Structure formats: structure tokens, C-alpha cells
Amino acid sequence: MTAFSFDIAATDGAARTGALRTTRGDIRTPAFMPVGTAGTVKALYMDQVREAGADIILGNTYHLMLRPGAERVKKLGGLHAFSRWSGPMLTDSGGFQVWSLAGLRKMTEEGVQFASHIDGSRHMLSPERSIEIQADLLGADISMQLDECTPFPCEKEAARASMELSLRWGKRSKEAFGERETQNLFGIVQGSVYPDLRRESAERLIETGFDGYAVGGLAVGEGFEMMCSVLESVVPHLPADRPRYLMGVGKPIDLVEAVARGIDMFDCVMPTRSGRHGQAWSDYGPVNLKAARFAEDAAPLDASLDCPASRDYSRAYIHHLVRAGEYLAAMLLSWHNIAYYQSLMARMRAAIADGRFEDFRREFNARWDSGAFE
């Protein structure tokens with residue numbers, strides 16, 4: 001039994017729109033989750049994130065367990081109260097961050113032993129500990145099973161071994177999570193770029209039984225075409241009545257093409273990371289505000305968005321802030337990027353509901369390919 005209902009309001013091809021109804025509010029799908037790594041969406045107030053249109057944000061198990069400490073967050077009321085985010089929240093398992101530590105970690109059947117990147121202290125992240133941190137201490141509405149993010153490229157034998165480990169950890173995560181009235185647990189499909197492994201992973205996760213299903217191990221170097229191919233091979237094998245979450249993706253074109261293949265949820269650091277580096281996102285791709293062509297451009301960044309950063313500040317002013325290294329540059333561009341991503345999701349939801357998603361997709365791809373931001 002899930003602690004939320006997932007209602008699909010309309011479909012258009014494989015694309016679908018609806019809502020996850022949780023005890024902390026509805027999540028309109030397709031949904032993009034801003035990443036609140038350390039209990040904050042970088043450079044933004046939570047009020048700005050809400051007003052930009054986000055229904056749900058993501059918290060990071062690895063970073064929060066190290067600083068300020070998951071037990072401390074619990075003592076201070078849980079991550080919702082601590083961060084002043086009252087809506088739904090999903091936490092990642094910590095597996096990807098630990099996987100990326102390379103020389104600082106050791107993978108075993110029990111879990112992952114690793115050294116903190118902050119002070120070198122030693123830690124063990126097991127499936128059971130990951131669930132304890134996410135569900136019991138941070139208080140996530142949606143927790144993720146602990147998994148191993150299979151590296152790319154990867155030989156098939158190694159990909160199978162990694163997938164098998166994630167499946168075993170998935171069962172242990174489910175056992176540790178148990179049955180809860182207001183919280184949910186998602187499983188994670190692995191299998192690298194091998195369709196038969198992806199299908200097998202999906203089928204065996206369904207046997208274990210999760211409230212939703214994520215596709216992991218993508219956006220790790222396989223490229224856009226391969227990512228799309230993997231989604232085509234795995235999404236049809238995921239339950240139609242459960243949410244489907246593509247982890248760590250991505251660029252606007254990635255979101256449009258993944259929605260076209262049946263994905264409901266996304267997260268990525270790209271909007272705020274780009275904002276901190278002078279880059280805005282648009283239907284035409286990334287826009288480098290450092291470029292000299294914006295030095296005397298009095299037009300707003302994007303007047304079509306109901307966001308002060310996009311609507312009320314000139315490109316010339318933001319260009320000046322970026323070139324001068326002012327903090328406000330990162331704040332305005334991150335705000336714009338989060339608003340743009342939420343607008344993109346809203347436009348896709350409307351297109352699916354109106355039965356015109358393929359027209360939207362075709363027009364979006366034409367703008368993206370042109371790169372003609374003006």
C-alpha cells in the first residue's frame with residue numbers, strides 16, 4: 001500500500017500528466033525537483049522555489065549525514081522544519097555521492113565504507129542506515145533504496161554484478177523501510193546500457209514491490225541517444241500505475257524527450273549550477289551571460305516568465321553582475337533557471353492534457369536545434 005495516490009489525468013502517446021497526492025501536498029507531473037543538496041536550493045530562498053512553481057524538492061543524504069548530521073536534523077524537527085520547506089520532499093540514498101568518491105570508498109556486500117570529503121572521518125552507509133537517515137531522521141516523504149550507480153563504460157558481466165548488488169540492497173532497503181502510512185520508498189533500475197539487464201532489473205524490483213520506480217545510472221557519460229534508447233527499453237516494463245523517476249537528468253531537451261518516453265519525475269543540479277557560472281537556460285539551449293553581446297542589451301532575460309529575475313532585470317545588468325563577480329548574478333540566474341525549468345514542465349503538462357504534446361515536442365526540438373536565442 002502506498003502512502004500517496006498517483007492519478008494519471010491524461011496521456012498523449014507515452015507521455016502522461018497527472019498528480020502524486022501526498023500528505024504534504026500534490027506533485028503535478030511531469031515534475032522537476034530542484035536539488036536542495038545541503039538543505040538549501042543554492043542561492044535561493046525556499047519561498048522563491050515555491051513561487052517559481054516547484055511542488056517538491058530533493059535533499060541529499062550523503063551531505064546532510066556529514067554536515068550538520070542526520071541526528072542533529074532530527075533533533076531540530078526534521079529536514080522540512082529545518083529548511084522551511086513545507087511541501088513534499090524526496091531524498092536520494094547517498095549511493096551516487098559515495099560512488100563518486102572513488103579512492104575514498106570501499107564497496108562491500110554490507111554497504112559502502114567511505115571517508116568524509118570534509119574531515120576524513122570514516123563512515124558505513126548500508127541499506128539499513130540509508131533508510132534510517134532518509135525516513136526516520138530527515139523525514140523524507142519519498143526515500144530511495146541504496147544502490148550502486150553502475151559506471152560507464154562497463155562490460156556486461158560487471159554491469160550484471162552491479163545490478164545484482166543493487167537488487168539485493170533494494171530488498172534490504174524495503175525490509176528496513178517496512179510499511180509506513182505517510183512515507184514512500186522507490187526502487188532504482190540499474191543495468192547500464194544493456195536492454196536485457198534493464199528489463200530484468202525492472203521485473204525483479206517489481207517483485208520486491210516499491211511505491212515508485214526510478215531509472216538510475218544514466219547521465220554518466222553514455223550520451224543523449226543512448227540515454228533515450230535505454231529509456232525506450234525499460235519504461236514499458238515499469239508499472240503504469242506508479243510514478244517513474246529519471247535520476248540526475250538533465251538539460252531541457254533531455255526532459256522533453258524523456259517525458260515523450262513516459263517519465264514522470266526528474267531532478268538535476270544543472271539549473272542552479274549553471275546559474276552560479278553565468279549561464280541561463282532557454283528553449284534555445286544555454287545562454288552565456290558573460291558574452292560581450294549582452295553588454296548593452298536592455299531586454300529582460302525572458303519576459304514570458306512570471307519571475308522577477310527573468311522579467312525585471314536587463315540582460316546588460318546581469319551581464320555586468322556576472323563579469324564583476326557579484327553574488328547577485330548567481331542569485332538572479334539560479335532564480336531564472338529554476339523558474340524556466342518549472343515553466344517547461346507546466347507547458348508539457350498543458351500540452352499532454354490538450355492532446356498536442358507531439359506538436360509541442362516538434363516545435364521545442366526545432367527551437368533547440370536552431371540555438372537562436374534573441
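Helices (H or I, at least four residues) and strands (E, at least two) in these legends are DSSP runs, numbered from the N terminus. Everything shown comes from a predicted model, where local features need pLDDT of at least 70, side-chain atom pairs count only at pLDDT 80 or more, and totals for chains, interfaces and linings use all residues. Residues are numbered from 1 along each chain as its sequence is written, and side-chain values use heavy atoms, with hydrogens and water left out.

**View 1. Helix 14 crossing helix 15.** The axes of helix 14 (residues 327-353) and helix 15 (residues 357-370) come within 8 Å, with a crossing angle of roughly 145 degrees. Axes here are lines fitted to C-alpha atoms, for helices over the stretch in contact, and angles run from 0 to 180 degrees between N-to-C directions. On the helix 14 side, the contact (heavy atoms within 4.5 Å) uses Tyr340, Leu344, Arg347, Met348, Ala351 and Ile352. Helix 15 brings Phe357, Phe360, Phe364 and Arg367. Sorted by class, that's eight nonpolar, no polar and two charged residues. For that count, Ala, Val, Leu, Ile, Met, Phe, Trp, Tyr, Cys and Pro are nonpolar, Asp, Glu, Lys and Arg are charged, and the others, Gly among them, are polar.

View 2. Eight strands close into a barrel in the order 4-5-6-10-11-12-13-14, with parallel pairing. Two strands pair if DSSP finds at least two bridges between them. From one strand to the next, the twist averages 30 degrees. Strand 4 (residues 31-36) pairs with strand 14 (residues 265-268) in the parallel sense over four bridges, and Met33 sits opposite Asp267 of strand 14. Helix 8 (residues 195-208) packs on the sheet, touching strand 11 (184-189) and strand 12 (212-215), and its direction makes about 155 degrees with that of strand 11. Helix 14 packs there too, touching strand 4 and strand 14, at about 160 degrees to the direction of strand 4.

**View 3. Strand 11, covered on both faces.** Six of the six residues of strand 11 are buried, so this strand is largely enclosed by the rest of the structure. Buried means under 20% relative accessible area, exposed over 50%, and partly exposed in between (1.4 Å probe, protein chains only). One side holds Asn184, Phe186 and Ile188, and the other holds Leu185, Gly187 and Val189. Strand 10 pairs with strand 11 in the parallel sense over three bridges, and Met144 has Phe186 as its bridge partner. Strand 12 also runs parallel to strand 11, joined by four bridges, with Tyr213 as the partner of Gly187.

**View 4. The nonpolar cores.** A nonpolar core is a set of buried Ala, Val, Leu, Ile, Met, Phe, Trp, Tyr and Cys residues joined through side-chain atoms within 4.5 Å. The largest one has 92 residues, and those with the most contacts inside it are Leu246, Leu255, Phe266, Leu289, Met348 and Phe357. Helix 14 supplies the largest share of this core, 13 residues. Apart from it lies another core of 18 residues, including Leu20, Leu90, Ile142 and Met265.

**View 5. Leu255 and helix 10.** Leaving aside neighbours within four places in sequence, Leu255 is in contact with Phe32, Val249, Gly250, Phe266, Tyr341, Leu344, Met345 and Met348. Nine of the nine residues of helix 10 (residues 252-260) are buried, so helix 10 is largely enclosed by the rest of the structure. Just after this helix, Gly262 takes a positive phi of about 100 degrees.

**View 6. Helix 7 and its surroundings.** Helix 7 (residues 156-177) has 22 residues and reaches 31 Å from its first C-alpha to its last, close to the 32 Å expected at 1.5 Å a residue; that expected span is 1.5 Å times one less than the number of residues. Among its buried residues are Met163, Leu167, Trp169 and Phe177. The buried residues of helix 7 pack against strand 7 (105-107), strand 8 (112-115), helix 6 (127-138), strand 10 (142-144), strand 11 and helix 8. Just after helix 7, Gly178 has a positive phi of about 65 degrees.

**View 7. Asp55 in its loop.** Asp55 belongs to the loop between helix 1 (46-51) and strand 5 (57-59). At 18% relative accessibility, Asp55 counts as buried. Not counting residues up to four places away in sequence, Asp55 touches Asp26, Ile27, Arg28, Trp85 and Pro88.
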